[in-house]
Amino acid sequence: MDTEKWTDKIDSITDNFKQTFGKLSIEQLNWKPNEQIWSIAQNIDHIIVLNETYFPTIDSMQQGTYNAPFIGKAGFMVNFFGKMIFKSVQPDRKRKIKTFHIWEPTSSEVKADLLIRFGNHQANLKERISNCQDLLDKRAVISSPANKNIVYTLETAFDIILAHEQRHFEQAKETLSKQS
């Protein structure tokens with residue numbers, strides 16, 4: 001499994017965010033059409049918050065100190081959960097999904113350096129993925145940061161992360177389109 005497919009996708013997503021939202025004012029980034037819809041800034045912040053919850057597990061896996069839950073030994077469960085979660089985060093956004101509390105955006109008013117932080121975060125994510133080749137070759141199993149009993153392969157985790165990023169790019173574009 002070559003990590004380039006994910007790192008190239010990260011570059012593409014990062015460029016899309018910067019090109020689409022890079023010239024907006026902080027007020028435009030934080031604007032919300034109503035309280036039930038996240039601002040562009042909250043969508044970006046949510047991506048950072050969610051992705052960073054995977055980092056300690058990935059670090060632990062690379063250090064050889066990670067203990068996958070027992071359920072991770074059941075291949076059919078790993079495949080079931082992986083497919084289910086991946087399907088739920090597809091960018092088409094036909095169904096709205098409520099996020100877990102641990103992945104809520106950190107605040108309603110996000111600071112002006114958000115896109116710089118996002119770019120730095122994406123570079124960090126790329127580096128972590130690039131350093132996981134041996135784990136991918138072993139078909140390592142990871143648990144969801146939101147629930148230790150939801151397991152999938154590390155490969156599927158990266159697919160989920162990037163589909164999720166694309167989903168929130170689409171959501172942020174919808175918010176932007178309402179700012180006329």
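Predicted model: local features only at pLDDT ≥ 70, side-chain atom pairs only at ≥ 80, totals over all residues.

I searched the whole structure for salt bridges and got 8.

I started with Lys126 and Asp11. Their side chains meet in a salt bridge, at 2.8 Å from N to O. Lys126 belongs to helix H5 (residues 114–130) and Asp11 to helix H1, so this pair ties together parts that are 115 residues apart in sequence. I also checked how open the two ends are. Lys126 is partly exposed, with 24% relative accessible area. Asp11 comes out as partly exposed too, at 31%.

Next I looked at Asp45 and Arg117. They form a salt bridge whose closest N and O atoms are 3.4 Å apart. Asp45 sits in helix H3 (residues 40–63) and Arg117 in helix H5, so here the parts tied together are 72 residues apart in sequence. Is Asp45 buried or exposed? I found a relative accessibility of 2% for Asp45, and because anything under 20% counts as buried, Asp45 is buried.

Then I turned to Glu155 and Arg139. This is another salt bridge, with the closest N and O atoms 3.4 Å apart. Glu155 is in helix H7, while Arg139 is in the loop between helix H6 (133–137) and strand E1 (141–144); the pair links distant parts of the chain, 16 residues apart. I also asked which salt bridges share partners, and noted one network that joins Asp45, Asp113 and Arg117.

**Helix H1 against helix H7**

Last, I checked how H1 (residues 4–21) packs with H7 (residues 154–177). I noted an angle of about 15° and axes 11 Å apart. Angles under 35 degrees count as roughly parallel, so H1 is roughly parallel to H7. The crossing of H1 past H7 is left-handed.

Which residues make the contact? From H1 I listed Lys5, Trp6, Lys9, Ile10, Ile13, Asn16, Phe17, Thr20 and Phe21. From H7 I listed Glu155, Phe158, Asp159, Leu162, Glu165, Gln166, His168, Phe169, Ala172, Lys173 and Leu176. Sorted by type, the residues of this contact are 10 nonpolar, 4 polar and 6 charged. I spotted Glu155 here again: it is in the contact with H1, and it also forms the salt bridge with Arg139.

Notes. Residues numbered from 1 in each chain as written. Heavy atoms only, no water. Axes fitted to C-alpha atoms, helices over the stretch in contact; angles between N-to-C directions. Helix = DSSP H or I, 4+ residues; strand = E, 2+ residues; numbered from the N terminus. Parallel < 35°, antiparallel > 145°, perpendicular 65-115°, else oblique. Left-handed = near helix turned anticlockwise from the far one by under 90°. Contact = heavy atoms within 4.5 Å. Nonpolar A, V, L, I, M, F, W, Y, C, P; charged D, E, K, R; others polar. Salt bridge = Lys/Arg side-chain N within 4 Å of Asp/Glu carboxyl O. Buried < 20%, exposed > 50% of the residue type's maximum accessible area, 1.4 Å probe, protein only.
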